Amino acid sequence: MTGPLGVVRPAYGRASLADVLPSALAVLGVPGTPDRLALQDQLPGVRRVAVLLVDGFGTFQLPAASAIGGTIADLSTGRLGRHTQLTSGFPSTTPASLVTLGTGTPPGEHGVLGISLHVPGTDRVLQVLRWEDDPDPATFAPVPTQLERAAAAGVRVTSVTRPEFRGSGLTTAANRGGVFRGAAEVDELVTEILGALSGDEPPVLVSGYFADLDKAGHRHGLTSPEWAAAAVDVDALITRLADGLPDDAALLVTADHGQIDVPPDRRYDLDADPRLSAGVRYVAGEPRVRYLHVEPGAAADVIAAWRAVLGSDADVVSRAEAVADGWFGPVTEPHLARVGDVVVTMRDVAVVLATAHEPRVIADLIAFHGANTAAEMSVPLFVITKK
């Protein structure tokens with residue numbers, strides 16, 4: 001495996017988040033779904049599948065989590081279930097990954113290309129985590145979800161996530177198509193996921209989400225007691241779900257991204273440096289991957305200025321170069337304008353803040369993600385059946 005700061009390309013169509021739910025649907029007998037992860041061979045006789053996404057549970061966090069939780073250690077070493085290496089999509093951030101998982105398509109196809117996106121034809125930058133119903137999710141992210149496909153094929157489908165996410169733009173884009181059950185804490189998630197998994201006649205698909213590990217990393221860092229406590233909760237959640245599986249069920253556990261801690265002296269601020277703000281009209285993306293929408297004719301000057309200031313801390317390229325390099329997968333025409341005129345991808349442990357454009361809380365974070373390093377893009381897939 002490459003080191004944590006080595007570059008990892010998304011494995012679309014082979015071993016990425018986009019391939020998880022289509023393979024799960026193939027196990028459940030949904031016609032026309034590609035089984036690129038070969039789950040049918042691993043799961044003969046399985047008629048119920050739960051897919052749990054643990055936010056921030058990247059591959060490079062597994063050693064620290066394994067030292068805390070016995071079940072995670074057993075999964076990581078192969079003593080329990082099967083462990084497959086996947087990649088997230090690009091950028092490796094929660095909104096893009098949730099919709100990549102939910103639709104089974106790369107970000108360039110589904111259009112949710114980051115945590116904040118300029119809405120073409122407007123002066124608005126959409127904060128995707130605060131997205132409600134404007135723009136309309138069915139139009140802004142029009143790709144059908146895998147939950148919709150499963151439900152249309154007769155699978156009983158349930159989505160279990162935090163109750164406040166009901167009806168949000170991101171939930172609609174990623175997980176429309178099933179019964180919604182609100183659950184946030186470990187006890188609630190165990191009850192709702194196992195209840196949905198065993199409560200209906202098969203075939204059954206349950207999509208679950210747990211947020212606390214990511215929150216702890218962002219707010220307190222990856223070596224903090226708070227992160228360790230959240231890892232204990234992840235271990236307990238997986239343990240209890242595995243123990244409660246029906247005989248004909250499987251549990252798939254994966255993540256949307258990993259994280260890296262960023263020290264205070266590795267933080268640029270485009271709003272405090274006129275060399276970086278010159279010629280920039282809209283700022284989107286996130287601190288590890290910036291989309292810069294520039295004034296007409298300013299792209300070359302912006303690229304030159306950002307390369308001069310950031311040096312080896314970033315790759316600074318045009319939209320055309322970023323798209324042609326394939327990081328987003330194929331980008332459909334309606335989604336091209338959501339990629340900045342200039343794309344800035346951070347290297348090492350640096351970030352670019354935008355303190356005048358984004359909520360103050362972002363500048364106060366300790367751990368970040370979004371770029372294409374192994375620490376951010378490498379995620380596990382654990383396949384667990386009844387013990």
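Student: What volume does the largest cavity have?

Tutor: A cavity is a set of points on a 1 Å grid over the protein atoms alone where a 1.4 Å probe fits but cannot get out, and its volume is the space filled by probe spheres set on the points, which are joined across faces, edges and corners. Here the largest cavity has a volume of about 50 Å³, and a search of the whole structure finds 1 cavity of 30 Å³ or more. This is a predicted model, in which local features need pLDDT of at least 70 and side-chain atom pairs count only at pLDDT 80 or more, while totals for chains, interfaces and linings use all residues. Residues are numbered from 1 along each chain as its sequence is written, and side-chain values use heavy atoms, without hydrogens and water.

Student: Which residues line the largest cavity?

Tutor: Lining residues have an atom within 4 Å of a point, and for the largest cavity they include Leu353, Thr355, Glu358 and Arg360. Helix α17 (residues 360–363) gives the most to this lining, with 3 residues; a helix is a DSSP run of H or I with at least four residues, numbered from the N terminus.

Student: Is Asp214 buried or exposed?

Tutor: Buried means under 20% relative accessible area and exposed over 50%, with partly exposed in between, using a 1.4 Å probe and protein chains only. Asp214 counts as buried because its relative accessibility is 8%, and Asp214 lies in helix α11 (residues 212–220).

Student: Which residues does Asp214 touch, leaving out those up to four places away in sequence?

Tutor: Contact means heavy atoms within 4.5 Å, and on that basis Asp214 touches Asp55, Gly56, His257, Gln259 and His369.

Terms used:
Helix = DSSP H or I, 4+ residues; strand = E, 2+ residues; numbered from the N terminus. 1 Å grid on protein atoms, 1.4 Å probe; cavity = no way out; pocket = protein on both sides within 12 Å on 5 of 7 lines; lining within 4 Å.
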